[in-house]
Structure formats: structure tokens, C-alpha cells
Amino acid sequence: MTAIHQRFVNAREVDSALDIVPVAGRIGAEIRGVALSGDLDDATVAAIRAALVRHKVIFFRDQFELDDARQEAFAERLGKPVAHPTVPVAEGSRFLLELDSREGYAASSWHTDVTFVPAYPEASILRAIVIREAGGDTLWANTATAYEDLPEALRTLVDGLRAVHTNLYDYAAVLANAPKDAAERHRSIFASTVYETEHPVVRVHPESGERTLLLGHFIKHFVGFNSAHSQRLFAILQDHATKPENTVRWRWRKGDVAIWDNRATQHRAIADFGLQRRHLRRATIAGSVPVGIDGQESRLLKPEPLAQAAE
């Protein structure tokens, strides 16, 4: 293993105008003394964005004034909000995604959001509405330090590797404790339109220039590898990316907000809360098409791109 370069150490920022307190050694920081809203000044928004790129996921406690409208207004200050490509928006909102575990199960598998489309989201803003006393924590993994810490031989392999991502996958395996019929209902919505996109496994971050590993449960196979070999290689890379040293665990409280850089992280909800309700709403910020080390962009495979369909 290589030693993590000093620039990856998740240290306190002495030159930031914000009160930023690191949470874990390689990823995650809490920002104190900021009330999120659509009225934040440009300097504060810029400082939040800079902290997001540096720390990969940032947390804000006690955001009790942040209702749906204010969350959407803040999202519009952070970037260009977009709705999920297949799941309907939360009732009464313009683009918020409902995450409500009324039925006692939740997605509990490592992933980067919506990587089955080419320009998958840049960032997400998750707001806690109902949180029980214990359980339902969320984990995030730093995919930049994961790349930096790869053995040289593996890094050489992944530098030129590409993978196909899809939203048509094993829903029963991802939705912890979900009955078969519930998993099928979820699949019928989430994969109402089937997408497949070919991405580089190593993405160059458009702001920091860091190289990040683009993995997660939406991967169908690696280009040039059969299914069996893809599964084995995926397990090696995924286990490396999500090892404890690369992660942070957040214990939610009502009023919390987490914002993560979806270009440099994976995350996973921990489904250990049984039949307790866990209710959050997420705003998503539009992203750009990834570019690999070789300068090649991601490309849409399904649905068939319009330009090809017209030929």
C-alpha cells in the first residue's frame, strides 16, 4: 500500500471563514454556526462549496428552520437542482426525493448516486426529518484516498479500465429486509426506464483534479471482462474503497443536514433500525459528464442515444 499524501489528511482548515471541525481522519467535517437557506451570501456559499470539495461530506446540526421550500432554495444557491430520472418527486416539492422507511427497510449497499446516467449528480443535500434514538446511521467513503492508497499494480489496471453501470440490478440484495414483492415494487419504479452508461473507473475530479474511483452497486460489469471476472475484480476494488480508514459514520439527529460530493464519495445507509421510521428528504445538484485519465468521457448505452436512433 502507498502512504496517503499529506494533502489527503482531513485536518482543520485554519484559512476558512467557517468553523469547520473534522469528523474522521480522511473524510467528513462538521460546519458550525451556519443556518442554511436561500439567503446565504455569496462568500458563505463559496466557502461551503470549498469545504465540500476538500472534506467530501459536510454536516450541519440543528437546521430546524429548513423546510422543503428552504431546502430547495438553498440547493439553488449551491448549484442547479435536478429531480431523480425515474423516481417521482416528494409530494408538494419541486425536485426533492423522499426517503421514508415506513415499511421497515432501506437501501443498505455502497453506491454513488445515479451513476447509471452519464452526467450523474455533483452533490446531494440530505435533511433529517424523523430520526429515532438509535440506528439508521449513514456511512460515506472517500474515493480519492481509496485511489491514492491502491497498490501500484491495481492502480495501473484501473487507470485504463471502464465499467458499465445500470439501474437494473438485484433490488432484493440492496433493500435490506425487504419482502420480495416490496423489492419488485421498488424495481418497477426505479427501473421504469432502464439506463446503462459506460464510465471510466478512475474519474478526474473537475474541481480538485484528484483521481477518484467510480464504483458502487450500479456496476454491471467491467468492459473486457466476463461476469465472473467482473464480480471478483469488483469485490477487490469495492472492499478496498470502503475499508474503515476511508470512511466516516454519521449518527443522525432531527434537524441534521449532510451534503456530499457525489463525484468523490460512496455512501451507505445502515438498515439496523427495524420497524422504526426514518424519514429524510434529498435535493440533488446536477453534475457533469466524467472524464477519465485518458481524456475520454463517459457514454450513454441505454436508452439508445437520440443521435444514433435517428441514423
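Author: Two strands pair if DSSP finds at least two bridges between them. Strands themselves are DSSP runs of E, at least two residues long, and helices are runs of H or I, at least four residues long; both are numbered from the N terminus. This is a predicted model: local features need pLDDT of at least 70, side-chain atom pairs count only at pLDDT 80 or more, and totals for chains, interfaces and linings use all residues. Residues are numbered from 1 along each chain as its sequence is written, and side-chain values use heavy atoms, with hydrogens and water left out.

Reader: What makes β1 and β2 a pair?

Author: Four bridges join them, and the rule asks for at least two. So β1 and β2 pair, and they run antiparallel. Within this pair, Ile20 stands opposite Ile31 of β2. The hairpin has six residues between the strands, and its Gly28 takes a positive phi near 95°.

Reader: Why do β2 and β3 count as paired?

Author: They share two bridges, which meets the requirement of at least two, so they pair, in the parallel sense. The chain goes from β2 through α1 to β3, a right-handed β-α-β crossover.

Reader: Why is a crossover called right-handed?

Author: Point the strands away from the viewer. The crossover is right-handed if the path from the first strand over the helix to the second then runs clockwise.

Reader: How do you know that the span of α1 agrees with its number of residues?

Author: The expected span is 1.5 Å times one less than the number of residues. For the 14 residues of α1 that gives 20 Å, and the end C-alpha atoms are 20 Å apart, so the two agree.

Reader: Why is Val114 called buried?

Author: Its relative accessible area is 6%, so it falls under the 20% limit. Val114 lies in the loop between β6 and β7, and has a positive phi of about 60° although it is not a glycine.

Reader: What makes Asn262 buried, and what does its side chain reach?

Author: Its relative accessible area is 0%, so it is buried. Asn262 is in the loop between β16 and β17. Its side chain reaches the backbone nitrogen of Asp113 at 3.0 Å. Contact means heavy atoms within 4.5 Å; beyond four places in sequence, Asn262 touches residues including Thr112, Tyr120 and His267.

Reader: Why is Thr143 called buried, and what does it touch?

Author: With a relative accessible area of 1%, it is buried. Thr143 belongs to helix α3. Among the residues it touches, leaving out those up to four places away, are Arg211, Leu213, Arg263 and Gln266.

Reader: What makes a set of residues a nonpolar core?

Author: They must be buried Ala, Val, Leu, Ile, Met, Phe, Trp, Tyr or Cys, joined through side-chain atoms within 4.5 Å. The largest such core has 27 residues, and Ile48 is one of those with the most contacts inside it. α1 gives the most to this core, with five residues. A second, separate core of 15 residues includes Val202 and Phe222.

Reader: What is the peptide bond between Lys302 and Pro303?

Author: It is cis, with omega about -15°. Most peptide bonds are trans. Pro303 lies in the loop between β19 and α8.

Terms used:
Buried < 20%, exposed > 50% of the residue type's maximum accessible area, 1.4 Å probe, protein only. Polar contact = N/O pair within 3.5 Å; in protein donor to acceptor, adjacent residues only side chain to side chain.
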